[in-house]
Protein chains: 2
Amino acid sequence: METPTTTQQELFISTEAMLEHWQGHRNLTRRVIEAFPEDKLFNHSIGGMRPFAHMAMELIDIALPGVKSLVSGQWENVSEFDHTKDMPSTKADLLKLWDKTTEVINEYGPQITSERYQRVEVAFGQYENHNYSTLLYFVDNEIHHRGQAYVYLRSLDIQPPFFWER
Amino acid sequence: METPTTTQQELFISTEAMLEHWQGHRNLTRRVIEAFPEDKLFNHSIGGMRPFAHMAMELIDIALPGVKSLVSGQWENVSEFDHTKDMPSTKADLLKLWDKTTEVINEYGPQITSERYQRVEVAFGQYENHNYSTLLYFVDNEIHHRGQAYVYLRSLDIQPPFFWER
């Protein structure tokens with residue numbers, strides 16, 4: 001385990017600002033979910049890709065246990081994120097899960113110390129990385145799939161929320 | 001200008017690791033550019049959105065002056081990123097500009113100090129933010145548009161590079 005201390009490294013962004021950055025992105029993603037017509041959220045697809053509801057459920061399935069594991073260092077083994085298992089069937093239920101995740105991140109996020117972020121761990125039993133990279137992966141993966149949702153919305157003639165509004 | 005010092009804040013990620021993270025993303029985006037057939041790079045579109053060559057050119061137009069301004073604090077005023085102005089007409093020329101940008105980031109990036117990242121400045125004369133947020137915006141904007149390129153590629157029956165390979 002590499003555990004450099006903060007004094008050895010130059011600060012780019014603080015733990016607190018990073019959580020705020022993440023929640024800003026999650027706030028935008030929530031509005032992208034809302035922008036979809038109910039049926040299109042669950043069935044619109046391009047090029048054989050998943051409907052956006054499934055992508056959003058993957059984001060929840062990563063963030064909800066992920067933020068707790070970043071606190072505790074205990075990672076459950078996940079061979080594949082089976083976002084279809086507990087897939088909600090309505091937009092309202094998906095948003096309810098989204099908001100529950102927001103609360104869990106608000107509760108657990110501030111408990112993740114700088115020292116924890118500098119540790120190398122095997123996230124979900126298979127992704128070995130510094131914990132800061134693991135959290136960045138959560139955020140990057142969300143931006144990636146939300147970018148895809150923008151194309152879905154545009155293909156449906158729906159204007160997505162502005163990317164820079166968080 | 002807010003200029004908190006590193007001792008007041010808990011490190012999430014270091015300046016050095018953040019640059020590595022950015023270049024990892026840029027390496028993936030380069031492979032996404034390469035994955036497009038020459039003509040589709042410049043003319044494939046969904047829902048009235050820009051072809052990916054134009055999005056990639058926007059990323060270059062932001063990163064190239066952006067990294068220098070993050071060093072110097074001198075921002076040129078940009079009312080709109082006119083990526084069509086010097087738009088290359090071939091994939092090879094676009095990749096040449098991409099690689100030039102990679103070199104400029106490798107040269108200037110390490111000169112951006114932690115103290116510079118904590119400053120609030122008006123990027124490109126219109127986006128007021130901490131400089132760390134400005135750099136995160138560069139990266140997030142790249143992930144966002146590259147996610148859209150994944151849909152373009154899938155719609156053309158082309159398998160994009162794996163998201164997690166950097």
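Guide: A residue is called buried if 20 or more other C-beta atoms lie within 10 Å of its own, exposed if 12 or fewer do, and partly exposed in between, with C-beta atoms placed from the backbone. This is a predicted model, in which local features need pLDDT of at least 70 and side-chain atom pairs count only at pLDDT 80 or more, while totals for chains, interfaces and linings use all residues. Residues are numbered from 1 along each chain as its sequence is written, and chains are lettered from A in the order in which they are written.

Visitor: Which residues of α3(A) are buried?

Guide: Among them are Phe52(A), Ala56(A), Ile60(A), Gly66(A) and Leu70(A). Helices are DSSP runs of H or I with at least four residues, strands are runs of E with at least two, and both are numbered from the N terminus. The buried residues of α3(A) pack against α1, α2, α4, α5 and α6 of chain A.

Visitor: How do you know that the span of helix α3 of chain A agrees with what it should be?

Guide: The expected span is 1.5 Å times one less than the number of residues. The 21 residues of α3 of chain A should therefore span 30 Å, and the end C-alpha atoms are 30 Å apart, which agrees.

Visitor: What is centred on Gly66(A) in α3(A)?

Guide: A kink of about 30 degrees. The bend at a residue is the angle between axes fitted to the seven residues ending there and the seven starting there. After α3(A) comes Gly73(A), with a positive phi near 80 degrees.

Visitor: What makes a nonpolar core, and how many residues has the largest?

Guide: A core is a set of buried Ala, Val, Leu, Ile, Met, Phe, Trp, Tyr and Cys residues joined through C-beta atoms within 7 Å. The largest has 66 residues, and Phe52(A) and Phe52(B) are among those with the most contacts inside it. Leaving out residues up to four places away in sequence, Phe52(A) touches Phe36(A), Leu41(A), Ala149(A) and Tyr152(A); contact requires C-beta atoms, placed from the backbone, within 7 Å.

Visitor: How many bridges join β1 of chain A to β1(B)?

Guide: Three, and the strands run antiparallel. Strands pair if DSSP finds at least two bridges between them, so the three bridges here meet the definition. Ile13(A) stands opposite Ile13(B).

Visitor: What does chain B bring to the contact with chain A?

Guide: Chain B gives 29 residues, and chain A gives 29 residues. On the side of chain B, α6(B) has the largest share, 12 residues.

Key: Contact = placed C-beta atoms within 7 Å.
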